[in-house]
Amino acid sequence: MSSAFCQRAAAQSTKGAVAGKVTDNSGSVLQGAEIELQPGSITTASGTQGAYFINNLNPGTYTISITYVGFSLFTKVVIVAAGQTTSINAKMEVSSQRDQVLVTAERVSGEAEQLNRQRTADNILQVLSNEVITSLPNANIADAVGRLPSVTLERDEGEGKYVQVRGTEPRLTNATIDGVNIPSPESRVRQIKLTQSLGHRRVRRNQ
């Protein structure tokens, strides 16, 4: 067993890694940036703190490319050494002066975030940011969620009531808040009425 452990440790020491953080010019983290390492077409995405980590790399020279909607492509040549982690922190530049004005605006920043989250998600994810919700005339939560692709509403006297996802029955749609399942307040009914008024509050709905 001791010999096998030594062999695994020796094999791991022959590999290298690349790690870093993706930010904009102001130092704000960029979640959902797409990182690609060539050769090998190795891809990953930056996390909630803008950090990324790619391990199990053979020693050698690689080219790292980082993309984020609204920002110019970041590329750099990386030398990976055995048993070491190479640090590459990327500071993304906006693609033009006009984009710089728009990206720093509150609404466009929210839209860029939702596009990058959708692009780098492991499953089918549709995001509606709170900035977009509050900028549109939504009567209630159901009307806001109904603006997402593949979502239809069951209405009562013209008001959105239940959500249907890709043609399924409303009772088959699961509603959560911050990852916690929300039970129906009605007896013998599984679906949730989304008829609550938005008012002046900001709501984020992931479907």
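Here's a short tour, from the whole chain down to a few side chains.

**Stop 1: the whole protein.** Keep in mind that this is a predicted model. Switch to cartoon view and you'll be looking at five helices and 14 strands. Of the 207 residues, 33% count as buried. Now think about who touches whom: among contacts with a separation of 6 or more, 53% are between residues 24 or more positions apart.

**Stop 2: a nonpolar patch.** Select I177, V180 and I182, which make a nonpolar surface patch of about 260 Å². Zoom in on I182: you'll find it in the loop between β13 (180-181) and β14 (205-206).

**Stop 3: the salt bridge.** How many salt bridges does the count come to? The answer is one. Select E34 and R119 to see the pair, whose closest N and O atoms are 3.7 Å apart. E34 sits in strand β2 (residues 34-38) and R119 in helix α3 (residues 106-120), so this pair links distant parts of the chain, 85 residues apart.

Before you leave, colour the two partners by accessibility. Are they buried or partly exposed? E34 is partly exposed at 28% relative accessible area, and R119 is partly exposed too, at 36%.

Terms used:
Residues are numbered from 1 along each chain as its sequence is written. This is a predicted model: local features need pLDDT of at least 70, side-chain atom pairs count only at pLDDT 80 or more; totals for chains, interfaces and linings use all residues. Side-chain values use heavy atoms; hydrogens and water are left out. Helices (H or I, at least four residues) and strands (E, at least two) are DSSP runs, numbered from the N terminus. Buried means under 20% relative accessible area, exposed over 50%, partly exposed in between (1.4 Å probe, protein chains only). Contact means heavy atoms within 4.5 Å. Patches are made of residues with over 30% relative accessible area and no salt bridge: like charges are joined within 9 Å, nonpolar side chains (Val, Leu, Ile, Met, Phe, Trp, Tyr) within 5 Å. Accessible areas come from the Shrake-Rupley method with a 1.4 Å probe; for residues, only the protein chains shown count as cover. A salt bridge is a side-chain nitrogen of Lys or Arg within 4 Å of a carboxyl oxygen of Asp or Glu.
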